Amino acid sequence: MPPKSLHPDTLAIHRGRAVDKSTGAVTAPIHMSSTFERDADGDYPRGFSYSRQANPTRHSLEQCLAALEKGSEAVCFASGSAATMAVLQLLQPGQHVLITRDAYHGTRHQLKTLFAHWGISHDLVDTTQVAAVEKAIRPETRLLWIETPSNPLLGISDLAALARLGQRHGLITVCDNTLATPVFQNPLDAGIDLVVHSTTKYLGGHSDLLGGVVIHGPDFSQAEQLREIQASGGAVPAPFDCWLLLRSLSSLGVRVRAQAASAADLARRLAAHPAVSAVFHPALPEHPGHELAKQQSVPDCGLLSFTVHGDRQAALDVVAGTRLFTRATSLGGVESLIEHRASIEGKDSPTPGNLIRLSIGLEHIDDLWQDLTEALEVISQP
Ligand SMILES: *Cc1c(COP(=O)(O)O)cnc(C)c1O
């Protein structure tokens, strides 16, 4: 097992992997078995009994993910949403949650539709303003859910300041690190208690699997309960998906750095385009979170949003006009996607109607730019 001091790009390839002892296979086999042999005395000396409890392929993945986020343990789930559920299930009725105002809409939706009737209340808060978060804390507040960069407005929150605030008030602090990835940001280093990923996105990277993970450090007091939710709740990822994700993690660093570089370049080009009224990306110096993003992480991200001069229909027309960008939700894959975000978020969406979200893939930037500029021709310029 490589030591912990290796660079994340190296850990992504080696941690949790070993040459298969019985065959010499360099790429680990997929352990599809749901059940494992007991010894005559009833023990499981090889550590595995039943795949809901633990599975060798999942175990390899969890070791790799824990290392990438500099945590002591990673707990994998069948989707990012199942990972979110697991974190919220650590709470008790009567407790209260604060969550980033423009956090992933599915997380806000879970709180509203699934947890409200179990007696868990929540408030949306602008986590880019530490004072606003402090003001919103109630005696029954137990958990602070932070998404930075947020989605789709790419707001940047101060993780270290929020971690300290959480410690003072006895809160569990959680960071959904899906957009930044561990390549650009390690929230545990800033003192955050839990990191959540939808591994469906950048970590999977190829739009061909669903997965989620919760990662924590050695001091997290509800670690056993989290494992219990995974093993007894049973929302575990299939071995094949774990293996696909391990394969994708090997190329994580090169993929996301290339995606983020293209996104930053496209953000700069869009900001200068006459059909565009605003661009949201932390690499732009005019972005309100630019300085903070530079201090606490790398101000990079393969996702960007922009608004066009015009209304909701104008934005829909642009989205309808691209040929290379595929109209689809999700993000983080090698293929670029374009989305009219307010449509997918539904009626109570806080997202501006003229906002378009782009997930930048690995196509050549000149081809992407040509596709965008042609689609933007439908906007009558002011
Ligand atoms: C997609 C996403 C989720 C939910 O993950 P699923 O794998 O779709 O269940 C959570 N948080 C963020 C930031 C996401 O983008």
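User: On a 1 Å grid over the protein atoms alone, a pocket is an open set of points where a 1.4 Å probe fits, with protein on both sides within 12 Å along at least five of seven lines; lining residues have an atom within 4 Å of a point. Which residues lie nearest the centre of the largest pocket?

Analyst: The model is predicted: local features need pLDDT of at least 70, side-chain atom pairs need 80 or more, and totals for chains, interfaces and linings use all residues. Residues are numbered from 1 along each chain as its sequence is written, and side-chain values use heavy atoms, without hydrogens or water. The lining has 23 residues, and those nearest the centre are G16, R17, A18, A28 and S60.

User: Which element gives the largest share of that lining?

Analyst: Helices (H or I, at least four residues) and strands (E, at least two) are DSSP runs, numbered from the N terminus. Helix 1 (8-14), helix 2 (56-68) and helix 9 (239-249) each give two or more lining residues. The largest share is four residues, from helix 2.

User: What is the bridge partner of R327 in strand 11?

Analyst: Strand 10 runs parallel to strand 11 (337-340), joined by two bridges. R327 is bridged there to I338.

Definitions and conventions: Pairing = 2+ DSSP bridges.
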